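Subject: Structure for you to look at

Dear colleague,

I am handing over the structure we spoke about, together with some notes on what was found in it. Please open it beside this message as you read.

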Amino acid sequence: MAPLAVVGLAHQAAFGTAASSAGTIVRAQCSLARLARDATYIDPQGTHGSEYERDLRAEAGYRPAGRLRIYAASRATLALLLEHATHGQPTATQAAGDVLETGETGGVLSALALVGVRPGFNTSADFKLYATLADEAPSAGRARLSLYSDSARSALVAQGDAANGGTATLAEQNGSGLSGTVALGTVTATNASIIYSVVRVRPARASAIARYLTLFRDTGRELETLSDATVRALRFSTDGRSRLVVEAEIPGCVYAIGASALTVSVAAGEKECFARATITHNANSQSALMLAHRIEHDVVQHHANAAAPVALYKTGSRARIELDARFSTESRTIVNDGRAGTSRAVAISYSHGPKTLSFSYPACRAVSAELPELGEREYAKHRLELEARDDASQDPVSIYLDL
């Protein structure tokens, strides 16, 4: 893919506070990157006759938006897009599988559990947390664990203390949104060399938009910025070689143009591609030559006469998932029990080396639920429409990304 643009994405601290292009951002190569103000016009009152020129229209408002198409390469880009596509934040992560620890001596820390890990926002850009374990703090017989998002250990994101042998509650610091718990043994010395590496994030779907992002596009002449934005839809599709392509629809509230200011380059590791798509339906797994599905939310964008829309908001509680797969002759499993109106479990995964992006829909209303039986030299294209549940008893989708 010859990239047409490099874009930058960043978490916002709050609605109405655009991220800085000089701050912590992730970059992605795009085959499509479009930001637009999308103004809406009306004809001035009294100028509707054929004798009036039609270019006398007045601007009534605008709906800024962006569209991206990227190969799924950058783990940071994927983590950010998934978080905003679910409108929530990652759920608890466990040290046993989601966070790896290095630099801790004496085995005095265990059972670390973190809530609200947000790569690139309350961790470093490479998904690390830098820790300091202080002995006799804040008093004799106690120890304090401090977590920082930078290697200089200056940006404090969570902190807690407990007596030796107890469990420390890590409270968020400086509005980071990160909290958790950790078990302490008998601490006998201060250690400022501990590093926690986040190896898996788990976005959790929220019923309302809780997080906003800023999108940057540098044309080489000017920097376009779309802020107070969210993700309306993400479409995942593999090409003929099973490389994963992600298309994002990103509505926003404020579109601005400034001086060119973005570093338009990405690291070599950001150019790898996920591949090998599989679908599991009712416990029957099939490899797919081509596979596509879409997560979409009914985001409504305000249309206002003010300088910008007041806000974005989300109505309803259902996300529609459409699967469009092309299977090879190796796929001979038959699933022939689908009926409209029944609940089905569907899992989709994409992998590249040790990295895995997985979606699990544990309970869905299946409009069509049959996968094909294939003969020799046949290809089959299958469409499966699902409507995910979203109520107090059933989380409609489980997503995790192995970094």
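What volume does the second largest pocket have? The second largest pocket has a volume of about 180 Å³. A pocket here is an open set of points on a 1 Å grid over the protein atoms alone, where a 1.4 Å probe fits, with protein on both sides within 12 Å along at least five of seven lines; grid points are joined across faces, edges and corners, and the volume is the space filled by probe spheres set on the points.

Before going further, please keep in mind that this is a predicted model, in which local features need pLDDT of at least 70 and side-chain atom pairs count only at pLDDT 80 or more, while totals for chains, interfaces and linings use all residues. Residues are numbered from 1 along each chain as its sequence is written, and side-chain values use heavy atoms, with hydrogens and water left out.

The pocket is lined by 15 residues, of which A10, H11, T24, G120 and F121 lie nearest its centre; a lining residue has an atom within 4 Å of a point. The lining divides into 9 nonpolar residues, 6 polar and no charged, where Ala, Val, Leu, Ile, Met, Phe, Trp, Tyr, Cys and Pro count as nonpolar, Asp, Glu, Lys and Arg as charged, and the others, Gly among them, as polar. Strand 1 gives the largest share of this lining, 3 residues; strands are DSSP runs of E, at least two residues long, numbered from the N terminus. As for F121, the charged end of R118 sits over its ring, 4.2 Å from the centre, the criterion being CZ of Arg (or NZ of Lys) within 6 Å of the ring centre and within 35 degrees of the ring normal. R200 is placed likewise over the ring of Y400, with its charged end 3.9 Å from the centre.

Strand 1 (residues 5-11) also pairs with strand 17 in the antiparallel sense over 5 bridges, and A10 stands opposite T214 there; two strands pair if DSSP finds at least two bridges between them. Strand 17 pairs with strand 18 (residues 222-229) as well, again antiparallel over 5 bridges, and L215 has L226 as its bridge partner. Because 6 of the 6 residues of strand 17 (residues 213-218) are buried, the strand is largely enclosed by the rest of the structure. Buried means under 20% relative accessible area and exposed over 50%, with partly exposed in between (1.4 Å probe, protein chains only). Both faces are covered, with L213, L215 and R217 on one side and T214, F216 and D218 on the other.

Elsewhere, 9 strands form an open antiparallel sheet in the order 7-9-14-13-12-11-10-15-8. Its edge strands are strand 7 (93-94) and strand 8 (99-102), each of which pairs on one side only. Strand 8 is joined to strand 15 (residues 191-198) by 4 bridges, and T102 is partnered with I195.

Some backbone details in the loops may deserve a look. Most residues other than glycine have a negative phi, and most peptide bonds are trans. The bond from A137 to P138, however, is cis, with omega near 5°, and P138 lies between strand 10 (128-135) and strand 11 (142-148). N174 has a positive phi near 55°, in the loop between strand 13 (167-172) and strand 14 (179-184), and N174 is exposed, with a relative accessible area of 68%.

With best wishes
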